Amino acid sequence: MPVELQAKMDEEIAADRLALTTVTYELGEEHTYYCLSAQAANEFTQQLESAGFVQDNDVLDTWFSSQLWPFSTLGWPEATESLEQYYPGRVLVTSRDIITNWVARMVMAGLYTMGDIPFDHVYIHPKILDGRGETMSKSKGNGVDPMDVIHTHGADALRYTMADMTTETQDIRMPVEYICPHCGALMDQQTAIKIEQQARKSRGEKITRKLQPADCRRVKCVSCKEDFATQWATAELKKELKHARETSDKFDVGRNFCNKMWNAARFAFMNLEGVTCEKLEVAALPPEDRWILGELSRTARRVHHLLDEYQFSAVTKELREFFWEKLCDWYIELTKPRLSGQADEKSATAAKQVLAFCVDQVLRLWHPIIPFITERLYEQLNHIAPKRGLPGVVDLDTNSMLIRASFPAANGYPKLEDTRITSLFEEIQNVVRGVREIRTACQVSPKESVKVTVALPEASVTEFEAHTHIVQKMAGVSELIVDPTAIRPKNAGSVSIRSLRIFVHDISDDEAELKRTEKSLEQLEKQIRGKESKLSNSKFVENANPDVVEAERTRLAELTTQRDSLAAHLKELQESPSGTSPKSC
């Protein structure tokens, strides 16, 4: 090629004014291919042909070849065993930006050549964007290397975070940072780009395009002032300066959760020594045992449903709430006295067996998302409690590795569910949350015991009174009064949750309570107006899933009940003389 032409084309490539790429292949001899855009072709085709280049006739259009992928990779047009076994597939996972160019073409090509669609489902996932909201790409260099994340946070933390962020449609912004190899300080890519721009301007270079992280090969750390190399630097520069890994604080959530699971499981293991696997009469178990078993069953069923719907973020949320809130924050806290020998041997034995079963099921449910930690914990659980389950209700095979163990049943374990216990615990938890909410609003230390009065429906009084010890333990209550006709005591903090009214004595003043109640009532009125507006929309009622519509109606009824209760409470405050107290909300 003439030197002048080569120089001109190299100049156009460097300036990024034309979509022009040089690719060299070694096929017996060296061939150089110039791939021209339509704009570049008009200017350079004649000159390239004059220089001896020949247009290649054996070029398959990108999207045409891509549409053949579902069956050409299986041996088509030959009738291979792979084609017979794997076509059609079940699901295609893709991004929404190639639905027309690729997905639709694959469907049409499959119908034309094979007589059948290539897949039944198309799961369209959200996109991960960088901190500026731009699509991550290798050419820009604005992505994060998964191997770096595995090095800094662990593979399970990476997998957890990705699953947790995989919502149905919402794209995710993930700011990427460099980890200085000299001092360990974090430096975001945007700062590196600004430094690179300043460096180029100081050298008198003209910047004709928007700089990307891929342009930042040598970066000065803002903390230690040492230079480091990015992944786009040459091997020599990386060796000279040290290579900075990439990370994002998004993955801290995954690491923190994995640490929580590890520590919680190890605590459980400390209390499972000597656990047995005997037949238990589920109906005769303490309420906390029956409650956690019922919640476990519902969680397993819900996880199966969400997986079928490809709602991976919702799966993570469902499992996190069961493990963190229900198992750790509630069940383990409630059973600590039984596990530590403060109860009779029969009660302690049952608590250990139920806990071992729950931990087993939790590890199985989490395994597809965080496989490495769960496999390690499952191995230790097999050593501590080789026989687990609820004989006669749920029989478990525990002889294999976790990766080969059976997943919890798709419909959960209906025999473990009791709607009465569920309703009871819902009331108990609402009271505990209410007391904690009032404590926080009135700045009362969790270590300080308080006196509480609860007003609840007459039908619930007897059963609730039998389990007031749970509220007292979980909420730090020294005295608990249950009275369906109770009215707010003077200077008491209060809150209404569904059909419950909760009063914490002598921690507020009536004037502050009046203002807080007015504000809560205003917020409730706003929520009610929103629900009423949605349900008055005929398009929503007619087109939405009937379950969703019914859930909205149920929620509206609950909000209306809360509003009426708060309105009655507000009237009490307005009619009573205000008092004072050392502690004011």
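Visitor: What makes the backbone oxygen of Pro371 and the side chain of Thr374 a polar contact?

Guide: In this predicted model, a polar atom of the Thr374 side chain lies 3.1 Å from the backbone oxygen of Pro371. The cut-off for a polar contact is 3.5 Å, so the pair falls within the limit.

Visitor: Where is Thr374, and is Thr374 buried or exposed?

Guide: Thr374 belongs to helix H15, residues 371-384. Its relative accessibility is 0%, and buried means under 20%, so Thr374 counts as buried. Leaving aside residues up to four places away in sequence, Thr374 touches Met261, Leu363, Trp366, His367 and Leu402.

Visitor: Trp366 is among those residues. Why is the pair of Tyr160 and Trp366 called tilted?

Guide: Let me begin with another pair. The structure holds 14 aromatic pairs. In one of them, the ring centres of Tyr123 and Tyr310 are 5.4 Å apart and the planes meet at 25 degrees. Planes under 30 degrees apart count as stacked, so this pair is stacked.

Visitor: How do you know that the pair of Tyr123 and Tyr310 ties together parts apart in sequence?

Guide: Tyr123 is in strand S4 (residues 121-125), while Tyr310 is in the loop between helix H12 (287-308) and helix H13 (312-339), so the parts tied together are 187 residues apart in sequence. Tyr123 has a relative accessible area of 10% and is buried. Tyr310 is buried too, at 16%.

Visitor: And the pair of Tyr160 and Trp366?

Guide: Their ring centres are 5.8 Å apart and their planes are at 35 degrees.

Visitor: What makes the charged end of Lys534 sit over the ring of Phe540?

Guide: The charged end of Lys534 is 5.5 Å from the centre of that ring. The distance limit is 6 Å, and the charge must also be within 35 degrees of the ring normal. The Lys534 charge is counted as sitting over the ring.

Visitor: How do you know that the span of helix H16 agrees with its number of residues?

Guide: Helix H16 (residues 419-441) has 23 residues, and at 1.5 Å a residue these should span 33 Å. The end C-alpha atoms are 32 Å apart, which agrees. At the start of H16, a side-chain oxygen of Asp418 comes to within 2.9 Å of the backbone nitrogen of Arg420. After H16 comes Gln443, with a positive phi near 55 degrees.

Visitor: Why is Asp215 called buried?

Guide: Its relative accessible area is 10%, and under 20% means buried, so Asp215 is buried. Asp215 is found in the loop between helix H9 (189-202) and strand S9 (218-220). Not counting residues up to four places away in sequence, Asp215 touches Glu196, Arg200 and Arg209.

Notes: Residues numbered from 1 in each chain as written. Predicted model: local features only at pLDDT ≥ 70, side-chain atom pairs only at ≥ 80, totals over all residues. Heavy atoms only, no water. Phe/Tyr/Trp six-rings, centres within 6.5 Å; stacked < 30°, edge-to-face > 60°. Helix = DSSP H or I, 4+ residues; strand = E, 2+ residues; numbered from the N terminus. Buried < 20%, exposed > 50% of the residue type's maximum accessible area, 1.4 Å probe, protein only. Expected span 1.5 Å × (residues − 1). Polar contact = N/O pair within 3.5 Å; in protein donor to acceptor, adjacent residues only side chain to side chain. Contact = heavy atoms within 4.5 Å.
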